[in-house]
Amino acid sequence: MGRIGRVIKSFIDKLSGSGTNAQFSSVEEFSGDQRTAQVFGPCNEDFAPPENCKTLDVQLGRDRGFLVSAAYHNQLIEPVAVHGERRLYSTNQAGDTVMSEIFLKQDGTILIKNAEVTITASPSGLLTIVTSGNSEITSAKTIINNDVEIIGNVDITGNVGIVGGTNMTGSIGMTGTITGAAVFNGAASNTHIHPQGNDSYGNTEQDTGVAK
Ligand SMILES: [Fe+2]
């Protein structure tokens with residue numbers, strides 16, 4: 001190993017010491033040799049190559065025995081990105097199956113998916129979430145600044161406050177109580193009376209009293 005190689009090796013040994021979280025990976029060189037290499041990549045990016053990943057190694061100094069992996073290629077996954085696109089994905093340990101991905105497409109589409117969930121942000125502004133399981137939003141407050149259409153049943157555990165009008169075509173099944181001065185087709189629920197016609201003698205009948 002030449003002097004430059006020794007200096008760099010000393011530096012990398014320091015990085016790889018117990019005080020750091022150096023990432024190592026078993027990789028196969030393009031030559032076919034299997035080696036254990038320390039993983040170097042862009043700053044603030046946490047990744048570990050899968051098994052069977054091809055690596056392009058750079059020799060440091062004159063010693064072929066000391067190499068740094070400069071680039072990786074997983075030949076088991078078919079590339080699908082075209083010019084201008086970027087696809088970030090994880091695989092299983094063997095590296096032969098894509099498990100999850102974020103795909104920034106040429107047309108502006110952003111795709112986030114795994115085997116059971118697909119989130120698509122379309123260039124048109126349409127956001128679609130397709131999932132085989134339940135969806136859950138946990139936040140202090142969820143505000144939707146436009147119309148909401150729900151096709152399916154709605155179960156609400158908390159109270160419902162409605163400021164605008166409500167148009168229903170279905171029936172109402174209630175076990176609770178309607179309180180307040182609700183008005184039904186012009187008749188106040190708590191003050192309306194039922195008028196009575198004259199009796200068979202023609203005497204005026206009193207209207208029945210206030211609803212209770
Ligand atoms: Fe009544």
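Helices and strands are taken here as DSSP runs, a strand spanning at least two residues, and are numbered from the N terminus. On this basis I77 is found in the loop between β4 (67-73) and β5. The model described here is predicted.

The protein contains one helix and 11 strands. In order from the N terminus, these elements run α-β-β-β-β-β-β-β-β-β-β-β. Of the 212 residues of the protein, 4% count as buried. Among the contacts in the protein with a separation of 6 or more, 28% are accounted for by residues 24 or more positions apart.

An open sheet is formed by five strands in the order β5-β6-β7-β8-β9, with antiparallel pairing. Strands β5 (86-91) and β9 (127-131) are the edge strands, each of which pairs on one side only. On average, neighbouring strands of this sheet are turned by 5 degrees against each other, direction ignored. In general, the strands of a sheet pair through backbone hydrogen bonds, in either a parallel or an antiparallel arrangement.

Within the sheet, strand β6 (residues 98-104) pairs with strand β7 (residues 110-114) in the antiparallel sense, over five bridges. One of the residues concerned is S100, whose bridge partner in β7 is N114. Strand β7 is in turn joined to strand β8 (residues 117-121) by four bridges, and these two strands also run antiparallel. Here I110 stands opposite A121 in β8.

The pairing continues from β8 to β9, which run antiparallel and are joined by five bridges. In this pair, T120 stands opposite T128 in β9. Strands β8 and β9 likewise form a hairpin, with five residues between them. In the turn of that hairpin, G125 has a positive phi of about 105 degrees.

Strand β9 also holds L127. This residue is exposed, because 10 other C-beta atoms lie within 10 Å, and a residue counts as exposed if that number is 12 or fewer. L127 and I110 are 17 residues apart in sequence, and their C-alpha atoms are 9.6 Å apart in space.

The loop between β4 and β5 was examined through I77. With 16 other C-beta atoms within 10 Å, I77 is partly exposed, since burial requires 20 or more such atoms and exposure 12 or fewer. When residues up to four places away in sequence are not counted, I77 touches T91 and V98. The C-alpha atoms of I77 and G95 lie 7.6 Å apart in space, while the two residues are 18 apart in sequence.

Backbone geometry was also considered in two further loops. Most residues other than glycine have a negative phi. In N44, phi is near 60 degrees, a positive value in a residue other than glycine. N44 lies in the loop between β2 (34-38) and β3 (54-59). The residue is classed as exposed because it has 5 other C-beta atoms within 10 Å.

A positive value in a residue other than glycine is also found at N185, where phi is near 50 degrees. N185 is placed in the loop between β10 (183-184) and β11 (187-188). With 4 C-beta neighbours inside 10 Å, N185 therefore counts as exposed.

Technical notes:
Residues are numbered from 1 along each chain as its sequence is written. This is a predicted model: local features need pLDDT of at least 70, side-chain atom pairs count only at pLDDT 80 or more; totals for chains, interfaces and linings use all residues. Two strands pair if DSSP finds at least two bridges between them. Axes are lines fitted to C-alpha atoms, for helices over the stretch in contact, and angles run from 0 to 180 degrees between N-to-C directions. Two residues are in contact if their C-beta atoms, placed from the backbone, lie within 7 Å.
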